[in-house]
Amino acid sequence: MNRFDAVVIGAGAAGLFCAAQAGQRGLKVLLIDHAAKLAEKIRISGGGRCNFTNREAGPANFLSENPHFARSALARYSSADFIALVQKHRIAFHEKHKGQLFCDDSADQIIQMLLRECEAGGVTRWQPCAVQQVDRADDGGWSLQTERGPVQAPQLVIATGGLPVPKIGASDFGLRLAERLGHRLVTPRHALVPLTFSAADWAPFVPLAGIALPVEIRCAAPTVGKKLRGSGEISFHEDLLFTHRGLSGPAVLQISSFWRPGQALRLNLLPGVDLLDLLLEAKQQSRRQLGNELGSLLTQRLADTWLAIQGLDGSQAMPQVPDAQLRQLATSLQDWQLMPAGTEGWHKAEVMAGGVDTNDLSSQTMASKRQPGLYFIGEVVDVTGWLGGYNFQWAWASAWACAEAMAEAAAAASTA
């Protein structure tokens, strides 16, 4: 029988960091993962450079049935703490946009840093190794059957991530185990994912594929917990990307975490501009054609396609365009209302929303309230961050809180 102080299932961001932190606190730790490749989600993140945290990370940047659950862990292990660790390992990084931090070189630097941290904690790692069964041990701890033999430990951490990107090893193992052990789940759903539309509805917009522009995007705030905005709406100012099947880009990825099927989106394709005033002024002062006037505000391809969709003649000289048509054009661009049909699914989603219900967990320790010695951390928990390094910060913070709690529990047990 292989005996450890703690077993961590899942060697992604949260699992690696938790194992390292627990090991460095004196625990004998086993880290297990079924995938052949280590931390592939870290490796592919941020275009291969890993957006490893966000300087501004705080509770307001997370979605959960309990909006306050993440507060304690995020306060106790902040983005500044992880940045200090990155600097300690001499990894060069840069801020790209709105507090988002990326490695200058490669995401592999973060993986290697986590491995060195695990080595410093004497962590044993079995990978690839599938966990076949998890049960209570006779001594009240945990008994695991694995491909490399039986294991026992008083403390068990589930850090198996979510359902996105199944081709790199994502599975529902943690969710199934949580349910089997009596925990409630918040229904998992795609988050940070492109949105799609029916072929018929989207056909007029297919020629716009590849065009990107800054927009304001809005949808109704979710009704879970307290509304996240006083207006009852969620809104983001980010870049939008037209695709052949729908919409993507940071603006859509952000709003997708909050959007629900059957809910409309509203977009302003020219935020910060009073478009009707500009068009009425141009009617008085410009002799250009409507298409060229609009093309000076948007790309010409977008302007020409949009006018055709609206049934407006772009060859009209500005002085001849009726005010009603200018009003129609301004409204269509600055209050574009549309109804997505769905998302691009788990293979394109960056993270999972939903997961293990936080009402069944301690926000201070990530420990289960239903099963002593059991912890859930990272993406498997119903805490989902915005785009921009927030989900990695939740991984680090929840892992740190869990490791701290396990070390305290082990110390208490040794003196009992």
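Modeller: In this predicted model, contact means heavy atoms within 4.5 Å.

Biologist: How far apart are the end C-alpha atoms of helix H12?

Modeller: Helix H12 comprises 12 residues, 323–334. At 1.5 Å a residue the helix should span 16 Å, and the model agrees, since its end C-alpha atoms are apart by 16 Å.

Biologist: What is the geometry of the aromatic pair formed by Phe-17 and Trp-396?

Modeller: The structure holds 22 aromatic pairs. For Phe-17 and Trp-396 the rings are 5.7 Å centre to centre, with 75° between the planes. Planes over 60 degrees apart count as edge-to-face, so the pair formed by Phe-17 and Trp-396 is edge-to-face.

Biologist: How many residues apart in sequence are the parts that Phe-17 and Trp-396 tie together?

Modeller: Phe-17 lies in helix H1 (residues 13–24), whereas Trp-396 lies in helix H13 (residues 390–415). Phe-17 counts as buried at 0% relative accessibility, and Trp-396 counts as buried at 0% as well. Both residues belong to one aromatic cluster, whose members include Phe-52, Tyr-77 and Trp-400.

Biologist: Is the pair of Phe-205 and Trp-336 stacked, edge-to-face or tilted?

Modeller: The ring centres of Phe-205 and Trp-336 are 5.1 Å apart, and their planes meet at 40°. Stacked pairs have planes under 30 degrees apart and edge-to-face pairs over 60, so the pair of Phe-205 and Trp-336 is tilted.

Biologist: Where do Phe-205 and Trp-336 lie?

Modeller: Both Phe-205 and Trp-336 are buried. The pair ties together parts that are 131 residues apart in sequence, because Phe-205 lies in the loop between helix H7 (199–202) and strand S15 (212–220), and Trp-336 in strand S19.

Biologist: Over which ring does the charged end of Arg-136 sit?

Modeller: Lys-28 lies over the face of Phe-4, at 5.0 Å from the ring centre. The charged end of Arg-136 sits 3.8 Å from the centre of its ring, that of Trp-142.

Biologist: Which residues does Gln-254 touch, not counting residues up to four places away in sequence?

Modeller: Gln-254 is found in helix H8 (residues 250–256). With a relative accessible area of 3%, Gln-254 is buried. Its contacts, not counting residues up to four places away in sequence, are Leu-192, Phe-236, Glu-238, Trp-386 and Leu-387.

Key: Residues numbered from 1 in each chain as written. Predicted model: local features only at pLDDT ≥ 70, side-chain atom pairs only at ≥ 80, totals over all residues. Heavy atoms only, no water. Helix = DSSP H or I, 4+ residues; strand = E, 2+ residues; numbered from the N terminus. Expected span 1.5 Å × (residues − 1). Phe/Tyr/Trp six-rings, centres within 6.5 Å; stacked < 30°, edge-to-face > 60°. Buried < 20%, exposed > 50% of the residue type's maximum accessible area, 1.4 Å probe, protein only. Lys NZ or Arg CZ within 6 Å of the ring centre and 35° of its normal.
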